[in-house]
Amino acid sequence: MSGYQIFLIVVFLFFFGSFMGWVLELLYRRFVSRANPDRAWLNPGFLYGPCVPLYGLGTVILFILSEFEAQLFGAFNKTVWFYIVMFFLMALVMTLIEYLAGLCSIKIMHIRLWDYSSQPGNIQGLVCPQFTLIWGVLSAVYYFLLYPKLRVLVGWFIANPLFSFFVGICFGVFVIDCAFSIHLGAIVRRRAGEIDRSLYESVDLQALQRKLQSRGGFFRLRTPRSLSEQLDRFEEFLHRKPVSPEETRSKNNS
């Protein structure tokens, strides 16, 4: 198998897992999540398209672990302890991916896409033991139900190279979606700064950034607010009542 074929398989698994994860998250937020009491249909994730990259990356890694299980476990393979260790390893891998994805969304895009702060044993509100257990259950479902069919699907994909054209289209749409979403987030932050430029002019942002960086590394969070809370505060800021000069003088005198 050539390197190009391996690349196509990885891309195919990524988009397959991203779409299936999008469907799973869509149903979870609609029927299960407590953060959606109105039971409305909510598009999960940061992108506009039906794609959650966290699940796509997880599908690629779980497929690799499943494919090389004999090399990883040897004679230990297919025993009771194999399944226990295998699903525990898969759950840890998915938890790590979830943590890194949540951390990057906060540090790079300044958006918290989920919050487990109310869950016991959580780490910075990004991961928690409860959802690690859920990842373990989903890993077992993947291994017994999805993985055998996915292997057949990958074999069909290799035997039909013309289908890679559609995978290329998905990859192009994904890149455009990522660029558009990141660009839109940058526009929103820039517009927020233009609304009250005096706020930014009165603060040395570079000095403030150096001060914050000196207090902690990339993996230390500063209790960022959730996306809904940030939007609510932003709306309050837009509709704030201007303060008259008389009120300002009265406050200074008091």
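A search of the whole structure finds 4 salt bridges, a salt bridge being a side-chain nitrogen of Lys or Arg within 4 Å of a carboxyl oxygen of Asp or Glu. The model is predicted, so local features need pLDDT of at least 70 and side-chain atom pairs count only at pLDDT 80 or more, while totals for chains, interfaces and linings use all residues. Residues are numbered from 1 along each chain as its sequence is written, and side-chain values use heavy atoms, with hydrogens and water left out.

One of the salt bridges joins the side chains of arginine 29 and glutamate 25, at 3.5 Å from N to O. Both residues lie in helix α1, 4 residues apart, about one turn of the helix; helices here are DSSP runs of H or I with at least four residues, numbered from the N terminus. Arginine 29 is partly exposed, at 22% relative accessible area, whereas glutamate 25 is buried at 18%. The cut-offs are under 20% for buried and over 50% for exposed, with partly exposed in between (1.4 Å probe, protein chains only).

Arginine 151 and glutamate 67 form another salt bridge, at 2.6 Å from N to O. This pair links distant parts of the chain, with arginine 151 in helix α5 and glutamate 67 in helix α2, 84 residues apart. Arginine 151 is partly exposed at 46%, and glutamate 67 is partly exposed at 31%.

Aspartate 115 and arginine 112 also meet through their side chains in a salt bridge, at 3.7 Å from N to O. Here aspartate 115 is partly exposed at 42%, while arginine 112 is buried at 6%.

Glycine 121 sits in the loop between α4 (80-107) and α5. This glycine is exposed, with a relative accessible area of 58%. Leaving aside residues up to four places away in sequence, glycine 121 touches Cys128 and Pro129, where contact means heavy atoms within 4.5 Å.

The second largest pocket holds about 420 Å³ of space. A pocket is an open set of points on a 1 Å grid over the protein atoms alone, where a 1.4 Å probe fits, with protein on both sides within 12 Å along at least five of seven lines; lining residues have an atom within 4 Å of a point. Of its 18 lining residues, Met20, Leu24, Tyr55, Tyr142 and Leu146 are the closest to the centre. The elements giving two or more residues to this lining are α1 (3-31), α2 (53-67) and α5 (129-159), and α1 gives the most, with 7 residues. By type, the lining divides into 13 nonpolar, 5 polar and no charged residues.

Terms used. Grid points are joined across faces, edges and corners, and a volume is the space filled by probe spheres set on the points. Ala, Val, Leu, Ile, Met, Phe, Trp, Tyr, Cys and Pro count as nonpolar, Asp, Glu, Lys and Arg as charged, and the others, Gly among them, as polar.
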